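Colleague: I am new to this structure and would like to be guided through it. Could we begin with the overall picture and then turn to the details?

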Amino acid sequence: MKDPNEIEKKSFEIIGGLLGDFYAPEPTMSVIKRVIHTTADFEYKDILLFKDGVEEDIIKAIKNGCRIISDTNMIKSGINKRLIKEFGIEVECFVDSERAHEVSKEKGITRSMAAIDMAAELKEDKIFIIGNAPTALYRIMEL
């Protein structure tokens, strides 16, 4: 099997089979499967926490062309390019920007924190995807 779409489809079939009787309503189940697919860690089915209505809030933000902010370029590169184009979404990772370097030095904070501060200045709705930098998550919680 060499077709990436077929490989992904088969991967999700395998994940579904290994989840057995585990159940979560949609779209939560799709998110759980995607996280497992990305991490190869089935424990996420038991540790992911979805606050009431968050899935619908995310879907609404995406449909309204929000910005997605990540703390790593790897996350940025893994986001479906066709879908972000379809919804007019920009995906940003400011961590390596010159400004994040400058702000982190000036304020004595991490580049990840500086990048979150930069993103917070953006006026449009944002979705933050944090995968590598706990200080980014802490900064979001502070703000």
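**A guided conversation**

Modeller: Of the 143 residues of the protein, 30% count as buried, where buried means under 20% relative accessible area, exposed over 50%, and partly exposed in between, with a 1.4 Å probe and protein chains only. This is a predicted model, in which local features need pLDDT of at least 70 and side-chain atom pairs count only at pLDDT 80 or more, while totals for chains, interfaces and linings use all residues. Residues are numbered from 1 along each chain as its sequence is written, and side-chain values use heavy atoms, with hydrogens and water left out.

Colleague: How many helices and strands are in the protein?

Modeller: The protein has nine helices and three strands. Helices (H or I, at least four residues) and strands (E, at least two) are DSSP runs, numbered from the N terminus. Their order from the N terminus is α-α-α-α-β-α-α-β-α-α-β-α.

Colleague: What box do the C-alpha atoms fill?

Modeller: Taken along the principal axes, that box is roughly 50 × 30 × 30 Å. Among contacts (heavy atoms within 4.5 Å) between residues at least 6 apart in sequence, 42% join residues at least 24 apart.

Colleague: Why is helix 8 described as largely enclosed?

Modeller: Eight of the ten residues of helix 8 (residues 111–120) are buried, so the rest of the structure largely encloses this helix. The buried residues include Met113, Ile116 and Met118.

Colleague: Which elements do the buried residues of helix 8 pack against?

Modeller: They pack against strand 1 (67–70), helix 7 (98–107), strand 3 (126–129) and helix 9.

Colleague: How many salt bridges does a search of the whole structure find?

Modeller: The search finds eleven salt bridges. One of them joins the side chains of Glu8 and Arg34 (3.0 Å, N to O). Glu8 lies in helix 1 (residues 4–19) and Arg34 in helix 2 (residues 28–39), 26 residues apart. Glu8 is partly exposed at 31% relative accessible area, and Arg34 is partly exposed at 39%.

Colleague: And where do Glu124 and Arg67 lie?

Modeller: The side chains of Glu124 and Arg67 meet in a salt bridge (2.7 Å, N to O). Glu124 is in the loop between helix 8 and strand 3 and Arg67 is in strand 1, so the pair ties together parts that are 57 residues apart in sequence. Arg67 counts as buried at 14% relative accessibility, whereas Glu124 counts as partly exposed at 30%.

Colleague: Let us change topic to helix 9. Is Tyr138 buried or partly exposed?

Modeller: Tyr138, which lies in helix 9 (residues 134–142), is partly exposed, with a relative accessible area of 49%.

Definitions and conventions: Salt bridge = Lys/Arg side-chain N within 4 Å of Asp/Glu carboxyl O.
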